[in-house]
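Have the viewer open as you read.

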Amino acid sequence: MARAIWTGVITFGLVSVPVGLYTATQDHTLHFHQLQRGTVDRIRNRRVNERTGEEVSPDDIVKGFEIADGEYVVIEPEELDAIAPGRSRTIEISDFVDLDEIEPVYFARTYYLAPRGEEHLKVYELLRAALEKANRIGVATFVMRGKQYLTALRAEEKVLMLQTLHWADEVRDPTRELPQLPEHRAGSGKELDMALQLVDALSGPWDPTRYHDTYEEKVRELVRAKAEGQEIAPAEEPPSATNVVDLMEVLQGSIERARSGRGKTPPAGRTRSAAKQSKPASKRSKSTSAPKSSARKSPAPKKSELRELSKAELYERATAQEIPGRSRMSRQELIDALAGGGRRRKKAAA
């Protein structure tokens with residue numbers, strides 16, 4: 001059973017619920033000891049006094065901020081605790097926003113929040129259900145281990161998740177920090193159309209179990225091989241950069257490989273819509289001659305119904321309706337496209 005790394009209270013309005021904070025992920029990295037070369041002697045890190053060279057006990061270590069050369073302001077740990085905002089150990093929700101509005105660069109680490117006691121289950125579930133129904137996240141701050149965090153509280157199927165966020169002044173501006181970026185957007189053209197076909201051919205619902213750490217496997221294989229006195233073949237070099245002159249040919253080959261690998265049979269160079277339109281004329285006339293009344297028998301689902309579905313379920317419906325661009329859509333955009341009765345798909349095909 002996991003142990004809480006922080007305990008406190010979530011507040012929204014006048015409602016509060018005691019919770020514990022738990023780590024949501026675990027490290028599976030293979031860890032090595034540091035040894036002196038040519039020996040099996042372990043290397044240890046110790047806290048020592050820079051002037052005397054003597055080891056110092058953790059109880060005798062305080063924090064110091066250098067205000068001048070060799071001149072420090074000394075701060076005791078309890079002094080930091082005394083002035084820490086949220087001293088009452090509170091996660092106070094100040095705003096509710098759409099999750100899609102927060103850029104991915106702001107997200108840092110993820111934790112689980114659990115109610116502290118059976119008597120708090122109802123209020124905990126009330127907050128979780130409200131966030132889920134509203135499709136919103138709660139923006140809040142709290143203090144842990146001498147540091148204040150900006151956080152996003154979001155609802156999953158049975159649990160509240162807390163994701164720490166970077167402060168605005170911690171996020172670098174890419175246009176100022178990076179040496180070179182494209183000056184013009186790729187608005188249209190055959191190359192973009194083929195790139196979109198490739199994205200569509202490789203698209204599918206999110207399934208984290210499909211992915212695994214292949215580098216970690218190679219590290220373990222290297223350790224095993226060396227332990228048995230064997231050699232291991234080095235990895236292949238990374239592919240060379242694509243030449244702009246060969247871009248169309250490379251895109252075409254990528255689409256063909258993606259479709260053959262996933263069992264997709266539309267001819268190369270065609271979109272799914274084009275492949276669908278290439279059916280025999282008899283089949284086309286049969287489908288287009290259907291009375292309008294039959295189309296009205298299957299009205300577009302209401303947005304209220306679609307909001308009950310997960311993004312993966314929405315994506316499956318969008319795939320069935322062949323809605324273009326679905327792999328780039330947010331959850332709300334999928335809802336809008338499905339509720340529109342295929343208007344987006346017809347517009348794209350036109």
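Tyr-72 sits in strand β4, residues 71-75 (strands are DSSP E runs of at least two residues, helices H or I runs of at least four, numbered from the N terminus). This is a predicted model, where local features need pLDDT of at least 70 and side-chain atom pairs 80 or more, while totals for chains, interfaces and linings use all residues. Numbering starts from 1 along each chain as its sequence is written, and side-chain values use heavy atoms, leaving out hydrogens and water.

With a relative accessible area of 49%, Tyr-72 is partly exposed (buried is under 20%, exposed over 50%, partly exposed in between, with a 1.4 Å probe and protein chains only).

## The largest pocket

The largest pocket holds about 1,100 Å³ of space. Of its 32 lining residues, Arg-154, Ser-310, Lys-311, Ala-312 and Arg-331 come closest to the centre (a pocket is an open set of points on a 1 Å grid over the protein atoms alone where a 1.4 Å probe fits, with protein on both sides within 12 Å along at least five of seven lines; lining residues have an atom within 4 Å of a point).

Helix α11 (311-320) is among the elements that supply at least two lining residues, and α11 gives the most, with four.

## Two positive phi angles

Asn-135, in the loop between α2 and β7, has a phi near 55° and is buried at 19% relative accessible area. Glu-322, in the loop between α11 and α12, also has a positive phi, about 55°, but is partly exposed at 27%. Most residues other than glycine have a negative phi.

How values were computed. Grid points are joined across faces, edges and corners, and a volume is the space filled by probe spheres set on the points.
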